[in-house]
Amino acid sequence: EAGAAPSSGGGGASGADPRGATSLGLVGRSSRPDMHLIQHVLKCLLESESQAAAAPVLAKLLVDECCWHFVQSTKPTDSRHVQVRESLHPYYPRCDYRGEVKFDGATALRVHFDPRCRITDNSVLIFAADKEFNRIVGRYNGGPAQFRPLLIYGDRFYFHFQGSTSSQGEDHGWGYRFTTVPLLGLQWLREDQVMRDSSLEWACWLLDFLLNQAIVTLPRGAVHNSKVFSALVRYMRSGGVPYKHRVVDLLTRLLQSPRLFTPEDPAPLGLLSGVAALVREQCQVIARNEATLDAANSQSQNAAVVLSPRLQALVELVVATQLAGRQLIALRPAPASTASLPALASSSSPPEVQKDPAPAPGAQGEGSAEEQEAERLAEDEEPPQQGPEGEGDPEALPSEEAPVQEESVDFVVSMATPPEQLSP
């Protein structure tokens, strides 16, 4: 209802769909005045809910809303909603192709190229957002490495391929082939899309707001839980989706406060088990390349290795994951077996000694002094014999469990632990 007020001028229906509660033309940009109003209203509602010591109903609804949009944004597109454009293979010299790709209702278009794409440097494949090619969004030629995926904002684009090979016998390349997929869950562009479509932009804005409120207002585990963590990781590991750097930033912020996770619902860090190895390998490749350049040019021997902003963000995510793994292990309650070890040592060790004297008070309460002296000597001698060896002595169990716990910390730090091993 609060979100519908800026655009409708009045209060919304109390039973409206929560996905339609924010009736805005375009959300996710906090600089807009209406988004500041939304933020202020939600903050006041969460604070009043917290002061009333009631169940965090609104916080749970907002978290469910956020996860729903992240999951819907990663759903694969129907194969019927894919368009393919290609040249002859190999393409004909001095050819000239023009065309249009259009998807009604799409908020953005994702263009993927065939790995066999190859055209000469004299030829060019141009993408533009307008028919007159005044707004060029992409220009391609060369080998397969030059044909990187392209994201176009809008529901259509135009392309123009011009081959300039002079001789038919010349090896002018395989040609081009690209596939266009519509993105329907990137952002809201019209009012009617709010009620039926997901919005990645709204999900990122909402989670950013919730992370800020989780420290001061929301209860522990309201935002920091496995559901939110898994939704972010799922989006980050999905292929062909844009704005992964924003999701990486949100995931890093989520892991920077591991104490806000509850022991009953910790973050399944095992889902990020392959990220550390990939980031380390990429950094080593960059370091080797820099070392090669330094060896070739003595003037740049003192130059520092510079990582791209995206790779730096992934390095921060890896560090946050390792630190969160250590703190989550420290916050885990003591295992049931370890907690019961003192009682086990005091109850199971004496039975070997008290097994024989147990019936003495009832059946042989009047035994000879020699038997009682022998039993007393057995009680004094048995513990020193079993203690040093540690075999069959329950008191030796704690010393054997300590290395196991230390190894589990190492596994978490290397992010190779399956999610089920991180649960309390």
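The accessible surface of the protein chain amounts to about 23700 Å², and carbon and sulfur atoms contribute 52% of this area; accessible areas were computed by the Shrake-Rupley method with a 1.4 Å probe, and for residues only the protein chains shown count as cover. The model is predicted, so local features need pLDDT of at least 70 and side-chain atom pairs count only at pLDDT 80 or more, while totals for chains, interfaces and linings use all residues. Residues are numbered from 1 along each chain as its sequence is written, and side-chain values use heavy atoms, with hydrogens and water left out.

The protein chain contains 13 helices and eight strands, taken as DSSP runs (helices H or I, at least four residues; strands E, at least two) and numbered from the N terminus. Of its 424 residues, 37% are buried, where buried means under 20% relative accessible area (1.4 Å probe, protein chains only). Among contacts (heavy atoms within 4.5 Å) with a separation of 6 or more, 74% join residues 24 or more positions apart.

Strand β3 (residues 108-113) is mostly covered, with five of its six residues buried. Pairing requires that DSSP finds at least two bridges between two strands. β3 pairs in the antiparallel sense with strand β6 (residues 150-153) over four bridges, and with strand β8 (residues 177-183), also antiparallel, over six bridges. Val-111 has Leu-150 as its bridge partner in β6 and stands opposite Thr-180 in β8.

Gln-213 lies in helix α5 (residues 200-214). This residue, Gln-213, is buried, with a relative accessible area of 6%. Apart from neighbours within four places in sequence, Gln-213 contacts Lys-43, Leu-46 and Leu-218.

Terms used
Buried means under 20% relative accessible area, exposed over 50%, partly exposed in between (1.4 Å probe, protein chains only).
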